Amino acid sequence: MSFVNVLGVVALGFVGLVVLMQVWLRLRVRRITGKPLPSLPGRTGEHISAAPHALIYFFSPSCAACRAITPVVRALPGQGKTVFAVDVMQDLPLAQAFQVMATPSAVEVEKGVIVGYHVGPIPPAVLERFAR
């Protein structure tokens, strides 16, 4: 086999792995959505459980995408919305309770039920709901 053929096989394998991981992630998110809130640890967990409608945003200081999104999310609670920005490095048990797989991630909760689970940048429609 020539070097070019080997490189092509490796590239194809990598692309296949990325696609497979995306499918797995979407299936896992679909399985979590619609479920009641799990038992949530800590004070933040208590506040989330008590909120009728909330957005929980999980970020990591080392995440480049998070550094761009976090200031926008942190500005939302000042507008009378129930928004929680959770640093996964500081509150790992809460992130584990929500089965956070990557940062950034956002979870929408309504009346004790997970109604939306977003991995990656928060969709503009979600931000808009909490910005009003």
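C66 is buried, with a relative accessible area of 1%, where buried means under 20% relative accessible area, exposed over 50% and partly exposed in between (1.4 Å probe, protein chains only). C63 is also buried, at 12%. The structure holds zero disulfides, a disulfide being a pair of cysteine sulfur atoms within 2.5 Å. This is a predicted model, in which local features need pLDDT of at least 70 and side-chain atom pairs count only at pLDDT 80 or more, while totals for chains, interfaces and linings use all residues. Residues are numbered from 1 along each chain as its sequence is written, and side-chain values use heavy atoms, with hydrogens and water left out.

**Overall architecture**

- The chain has five helices and four strands; helices (H or I, at least four residues) and strands (E, at least two) are DSSP runs, numbered from the N terminus.
- In sequence order, these elements give the pattern α-α-β-α-β-α-β-β-α.
- The C-alpha trace spans about 60 × 30 × 30 Å along its principal axes.
- The chain has 132 residues, of which 33% count as buried.
- Among contacts in the chain with a separation of 6 or more, 70% come from residues 24 or more positions apart; contact means heavy atoms within 4.5 Å.

**Surface**

- The chain exposes about 8000 Å², and carbon and sulfur atoms supply 64% of this area; accessible areas come from the Shrake-Rupley method with a 1.4 Å probe, and for residues only the protein chains shown count as cover.
- F14, V15, V18, V19, V23 and L27 make a nonpolar surface patch of about 530 Å².
- Patches are made of residues with over 30% relative accessible area and no salt bridge, with like charges joined within 9 Å and nonpolar side chains (Val, Leu, Ile, Met, Phe, Trp, Tyr) within 5 Å.
- A salt bridge here is a side-chain nitrogen of Lys or Arg within 4 Å of a carboxyl oxygen of Asp or Glu.
- F14, one of the patch residues, lies in helix α1 (residues 3–32).
- F14 counts as exposed because its relative accessibility is 55%.

**The E108 and H118 pair**

- E108 belongs to strand β3 (residues 105–110), and H118 to strand β4 (residues 113–119).
- The side chains of E108 and H118 are joined by a polar contact of 3.0 Å.
- A polar contact is a pair of N or O atoms within 3.5 Å; within protein, one must be able to donate a hydrogen and the other to accept it, and residues adjacent in sequence count only if both atoms are side-chain atoms.
- E108 is buried, with a relative accessible area of 4%, and H118 is buried at 17%.
- Leaving aside neighbours within four places in sequence, E108 is in contact with A54, L55, V113, I114, V115, G116, H118, V126, R129 and F130.

- V88 sits in the loop between β2 (83–87) and α4 (92–97).
- Although V88 is in a loop, V88 is buried, with a relative accessible area of 12%.
- Apart from neighbours within four places in sequence, the contacts of V88 are F58, F59, S60, A95 and T103.
- V88 and H53 are 35 residues apart along the chain, and their C-alpha atoms are separated by 21 Å.

**Backbone features in loops**

- The peptide bond from T103 to P104 is cis, with omega near 0 degrees.
- Q99 is not a glycine, yet has a positive phi of about 55 degrees.
- With 35% relative accessibility, Q99 counts as partly exposed.
- K111 has its place in the loop between β3 and β4.
- K111 likewise has a positive phi, of about 50 degrees, although it is not a glycine.
- K111 counts as exposed, at 70% relative accessibility.
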